[in-house]
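Please look at the sequence and the model with care before reading on. The briefing is meant for a reader who is new to looking at protein structures.

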Amino acid sequence: MNASPVERDPAAAAAVPERALQELNQVAMRTVARARHRARVRIAEANPAHPPHPARTGPSRDRSGRPTTGPFAYDGAETAPPSDVAVLPGLPSWMPAVLGVLRGSSTLLRPEYAPDGTVCDFIVVGANHFELSGVERGSYDFLGKRLSETRPGVRTSGMYDVYRAALASGGPVSGDTIDYVDIIDGVLQRARLRGTVTLLPDEGLLLTNWEPIGEARLSRRIQERGRLGWAEWDLVTGRMRWSRGMRELLGLVAPPPEGYSAEESHELVGAARSVTSAKEVATDLFTVGRMVDVADLPAFVDDLRTLLAGGEVPDRELTVHVGEATRRVRWLGHAQPEGAEVPESVLFAARNVSGQEEQLRRALSETERLREEAAAEHRVSETFRKALTPPLGVLTPRWLSVSAAYVPSDSGVGGDWYKCRELPDGRVLLAVGDASGHGVDAAHRAVQQRSALAGLAYADQDAAELTMALGEVVYYGGLDTTATCVVGHLHPDSRVFRWASAGHPAPVLVRDGVPRLLEAEHGLMLGVTAHTAYQINETQLRAGDLLLCYTDGVIERRGKDLDEGVEALLAAAGECAARGRSAQVATDCLVASLLSDEAEDDATVLALYLS
């Protein structure tokens with residue numbers, strides 16, 4: 001928008017409808033109460049045999065917190081365990097030392113088996129002082145008790161699945177992005193954790209270690225250059241989390257943890273005794289609401305009501321006053337879980353567009369065009385097919401030819417997409433992706449991902465950063481949605497192809513008639529975690545090379561091993577490269593050799609030939 005700077009009128013600022021914000025606060029409090037109630041019910045239903053508030057009883061203890069009498073008294077190693085570690089008698093003396101040096105919350109668990117031989121619970125036989133929740137408890141509070149009694153939220157968080165997997169595999173098993181919600185002393189606590197569970201085969205015990213994921217690790221470079229940020233409002237705990245970029249955009253400063261002065265806060269890094277004890281930014285969303293310009297406040301309040309009702313705010317602009325500065329902000333919001341009557345959290349993303357409306361319009365024109373195109377083409381499957389197979393156009397380097405082919409499955413379109421575009425700086429963007437699923441829903445997500453990449457491509461980022469940003473789009477676009485992709489840039493001056501892979505099949509290079517898979521570092525699929533870093537792979541190309549990017553529909557066949565599909569692709573690539581010095585000839589040949597009209601999955605090939 002061409003928005004002129006808004007002068008801040010003290011009289012108008014004084015007339016900000018505080019009543020509207022107070023009414024919104026009441027709506028938020030009701031939503032938080034309902035979200036907490038649902039979390040309590042979910043935990044109670046998963047642990048019907050155990051009360052959610054175990055009583056704190058135990059033996060007498062010394063000043064360091066260790067028992068002096070009773071069954072938990074330490075009974076015999078040459079070196080006493082650390083004061084913040086407790087183990088049951090009879091365990092090897094090295095175990096307390098291990099628990100004492102591990103970061104995060106660590107326990108030793110003994111499996112408890114049901115009559116049918118299945119694992120039904122775990123007994124805590126050792127623990128350190130770090131708590132999974134935001135409430136600190138002594139390490140002796142856990143000993144000898146079932147895990148479902150001391151930490152009922154473990155069963156609903158998915159941790160039990162990780163524990164059972166470690167028992168079954170006999171080796172370490174990792175758990176990423178565990179959403180842990182629990183009731184501690186009657187108070188709901190929540191933490192996002194990652195960790196590792198290891199089986200100690202000689203003792204028959206599990207060693208667990210969980211650490212907080214902490215603030216989302218958006219690339220600082222992307223936030224600074226894009227002047228953007230994100231925030232999450234956790235309705236279960238009532239806390240707000242702000243990214244660095246959002247703090248800077250709104251002029252927020254993170255205070256020290258509760259009870260400490262600003263001068264003392266620098267000494268607290270890594271020293272919190274509870275994995276979520278450090279406070280987030282104290283500023284709440286209603287303080288932000290008072291920054292909003294009077295003219296934009298009614299619409300802002302209505303949008304927040306929509307989000308608290310489980311809805312979505314796709315795209316908004318408003319003016320905020322940060323100190324003496326006035327900023328135009330473009331933002332969106334999304335309630336999670338998607339479609340829930342009572343959301344558990346609300347996600348926000350915002351960008352400062354002050355003074356750059358024209359530049360922003362140019363950068364987003366392609367994204368806006370594709371978004372409108374996708375909305376219009378959502379009605380029928382055939383229209384989606386056209387949206388996912390656009391013409392490639394002519395590239396400036398005359399020694400470079402590109403061609404693509406898309407073959408839908410026998411059930412119609414799917415999640416395949418590709419992108420090839422020459423950027424203003426001369427680089428050629430090449431990308432192939434595959435959104436999970438089949439049919440119109442998968443095609444819809446594919447169009448969204450391709451459109452998002454079209455907009456992101458104009459930022460000054462390398463392929464790894466683009467892939468990470470695209471992963472943000474997929475993760476926050478909905479639950480249980482994943483995708484794979486290869487994203488790369490061909491630099492015409494050096495003919496170096498710099499690319500990143502998010503769980504996608506490696507490209508094929510045919511050189512001197514010999515085909516081979518490119519060796520690469522492959523990252524996680526898009527959408528598995530909120531923020532995943534990717535590695536850059538470099539491939540030096542030269543005249544006569546044929547580069548093939550493709551989706552798994554090219555190599556996967558029902559009833560056949562994946563290696564057979566890869567071998568078939570390599571053989572066909574060698575034969576097709578020999579038939580002509582053209583990307584179009586190679587693409588037509590591969591489609592005729594490998595793909596049919598009755599494929600189980602849609603398939604895409606993007607070919608690049610250097611003459």
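Predicted model: local features only at pLDDT ≥ 70, side-chain atom pairs only at ≥ 80, totals over all residues.

Residues are numbered from 1 along each chain as its sequence is written, and side-chain values use heavy atoms, with hydrogens and water left out.

**The disulfide**

- With a disulfide taken as a pair of cysteine sulfur atoms within 2.5 Å, the count comes to 1 disulfide.
- The disulfide is formed by Cys-576 and Cys-589, whose sulfur atoms are 2.1 Å apart.
- Cys-576 lies in helix 16 (residues 562-577) and Cys-589 in helix 17 (residues 583-594), so the pair ties together parts that are 13 residues apart in sequence; helices here are DSSP runs (H or I, at least four residues), numbered from the N terminus.
- The torsion about the S-S bond of Cys-576 and Cys-589 is about -70°, so this disulfide is left-handed.
- Cys-576 counts as buried at 1% relative accessibility, and Cys-589 is buried as well, at 6%, where buried means under 20% relative accessible area, with a 1.4 Å probe and protein chains only.

**Cysteines without a partner**

- The sulfur of Cys-420 has its closest cysteine sulfur in Cys-549, 9.8 Å away, which is too far for a bond.
- Cys-549, for its part, is in no disulfide.
- Cys-420 is buried, with a relative accessible area of 8%, and Cys-549 counts as buried at 6%.

**Helix 16 and helix 17**

- The axes, which are lines fitted to C-alpha atoms over the stretch in contact, with angles running from 0 to 180 degrees between N-to-C directions, come within 9 Å for helix 16 and helix 17 and cross at roughly 140°.

**Helix 14 and helix 15**

- Helix 14 (residues 439-456) and helix 15 (residues 463-476) pack at an angle of about 140°, with their axes 10 Å apart, and that makes helix 14 oblique to helix 15.
- The contact includes Gln-449 and Leu-453 of helix 14, together with Leu-466 and Val-473 of helix 15.

Notes
Helix = DSSP H or I, 4+ residues; strand = E, 2+ residues; numbered from the N terminus. Buried < 20%, exposed > 50% of the residue type's maximum accessible area, 1.4 Å probe, protein only. Parallel < 35°, antiparallel > 145°, perpendicular 65-115°, else oblique. Contact = heavy atoms within 4.5 Å.
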